[in-house]
Amino acid sequence: MTTTTPDSGTKTTPAPTLRVVVIGGGIGGLALAAGLRRTGVDVVVHDRDVDPSVTGGYHITLDTPAQQALRGLLEPELYERLLASASAVRRRPTDVWFDWRGRLLGDLEVGGLDPDSIDVDRITLRLLLAEAAGDSLVLGSTCTAVDREPGPAGQVRATFTDGSTAHGDLLVGADGPHSLVVRHLAGNPTSRPAGIIGISGRTSAADLDPDETARLGPRSSLTVGPRGTALYTGYLDPDGFAVIDAPHARAAVTTGPTYIWGAMFSEATAPEGLRDQHGTQLRETTLEALRATGWGEKPLQVIARTAAETVAAYRFNVGPQHPREMAPWPAGSITALGDAVHATPPTAGKGAGTAIIDAHQLVTELVAVRAGTQTLHTAVSAFETDMRHRGSAVIALSMTTVNRSLAGASPAASAITRASMPLLAWRTALRQKDAHGSRR
Ligand SMILES: Cc1cc2nc3c(=O)[nH]c(=O)nc-3n(C[C@H](O)[C@H](O)[C@H](O)COP(=O)(O)OP(=O)(O)OC[C@H]3O[C@@H](n4cnc5c(N)ncnc54)[C@H](O)[C@@H]3O)c2cc1C
């Protein structure tokens, strides 16, 4: 049988003797299935969704390590399609921040931002990964239980809502923040709500007034307001800011300059029932809630002009922040990866990338098991040790913004925001005027 290793070329390997069952075909589970398939390991991935394109409409930022992992997991042709569908962060102007009236406050220093990152539609990424997973992906398949069959050589078993079962040598939970697999392993959920509700949507730049397009510019921005409210506006343009010049390979859902926005409220101050709302109702409630804290109409235009069907609400979840508390179970034939282990708020744009790196790491370890150079137990143990450190570092980074936002929700912090931001905006305007004057 001819197969390929994750990072190198073609080689001859014996027929697979390792069977892996993956629960969850989101970003991490599909990346794992893609990589295992490429190496010739027998894999099946079950997801409760019936259509992989029905997923968050926002974009995913992938830093250099995440891109390298994907390069190792995907066939070159699919990886090229991914790059051809992405927007290069390096090609757009520096991110900026604004106050809640839309006044410029200056350049935004984004902690941990890798300038070689790329932005890709989550839908596009999931569809390409689903294509790579091929017929190993079983859709509409909800797992209800996992266990080990009795006996020393007992296989692992997953049971589904229709009563069917899947068996393997290794079971991997890639089933997101409320992971059933992690509950089985740890005895309880290991992630918790981070205290923030996010609402996201997509707005074509062409749907904004020219003044507003000029103010926002072809760049991403963060607008901050009182009571811990904030609005991140990501700029996506896979044509104008293409990563590679390969329009024939482009599979992006985003076809023209688009702002992908995410509004944030602390759970304590968020409007009641926000998470149960959808579409027009959710968009209008979001606008009303921001107006109620004093937001001006200018920065709200990107929300007001958004297509209602793209608006969705999310609760930010967070996993354990210390490596010691992460994956607190002995290594064995059931493990987990991605948000199931290290649920990561989107504030650092690293959760999906970390799930992809987990997948690559596990594939690398399992290739050694199949080659007979290490045991399954050693492979899982090495994978989990590495994941604990990477996962907790990314959680710490993403919680910096979450904690800042939660601190800003108090009445005292709100008063400081209201008093200080206009001064900062005034100083920025003055500096811009000076710079403009000295250029003439
Ligand atoms: C608004 C927003 C913006 C984000 N932006 C970024 C970004 O820019 N960069 C970045 O790296 N990350 C970002 N993230 C985070 C990223 O989306 C997650 O970290 C990532 O999806 C985690 O991947 P995962 O495979 O672990 O989980 P998921 O992608 O959530 O997949 C879990 C899958 O498991 C399935 N499942 C769950 N339970 C079962 C079951 N019992 N049986 C069968 N299937 C099941 C679900 O249907 C789902 O498909 C963002 C998140 C949000 C909400």
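Leaving aside neighbours within four places in sequence, S221 is in contact (heavy atoms within 4.5 Å) with V96, F98, L216, L231, Y232 and T233. This residue is found in strand β16, where strands (E, at least two residues) and helices (H or I, at least four) are DSSP runs numbered from the N terminus. Because its relative accessibility is 0%, S221 counts as buried; buried means under 20% relative accessible area, exposed over 50% and partly exposed in between, with a 1.4 Å probe and protein chains only. The model is predicted, so that local features need pLDDT of at least 70 and side-chain atom pairs count only at pLDDT 80 or more, whereas totals for chains, interfaces and linings use all residues. Residues are numbered from 1 along each chain as its sequence is written, and side-chain values use heavy atoms, with hydrogens and water left out.

The chain has 12 helices and 20 strands. Its radius of gyration, taken over C-alpha atoms, is 23 Å, close to the 22 Å that the globule rule (2.2 Å times the number of residues to the power 0.38) gives for 440 residues, so the chain is as compact as a globular protein of that length. Along its principal axes the C-alpha trace spans about 75 × 45 × 35 Å. Of the 440 residues, 55% count as buried, and among contacts with a separation of 6 or more, 77% are accounted for by residues 24 or more positions apart.

F98, one of the contacts of S221, is also placed relative to helix α12 (residues 411–439), in which L424 lies. The C-alpha atoms of L424 and F98 are separated by 9.9 Å, although the two residues are 326 residues apart along the chain. Leaving aside neighbours within four places in sequence, L424 is in contact with W97 and L105, and it counts as partly exposed because its relative accessibility is 22%.

Strand β16 (221–224) is also among the elements that cover the buried residues of helix α8, together with β15 (192–204), α6 (210–216), β17 (230–236), β18 (258–266) and α7 (279–292). In α8 itself (residues 297–304), the buried residues include P299, L300, Q301, V302 and I303.

In strand β9 (residues 118–121), I118 and V120 point one way and D119 and D121 the other way, and all are buried. Strand β5 (residues 59–62) pairs with β9 in the antiparallel sense over four bridges, pairing being assigned if DSSP finds at least two bridges between two strands, and I60 stands opposite V120. Strand β6 (residues 87–88) likewise pairs with β9 in the antiparallel sense, over two bridges, with A88 opposite I118.

Grid points are joined across faces, edges and corners, and a volume is the space filled by probe spheres set on the points. The structure holds one cavity of 30 Å³ or more, and about 40 Å³ of space lies in the largest cavity. P177, H178, S179, V182, R183, P189, T190, S191 and A340 line this cavity. The second largest pocket has a volume of about 190 Å³.

Definitions and conventions:
1 Å grid on protein atoms, 1.4 Å probe; cavity = no way out; pocket = protein on both sides within 12 Å on 5 of 7 lines; lining within 4 Å.
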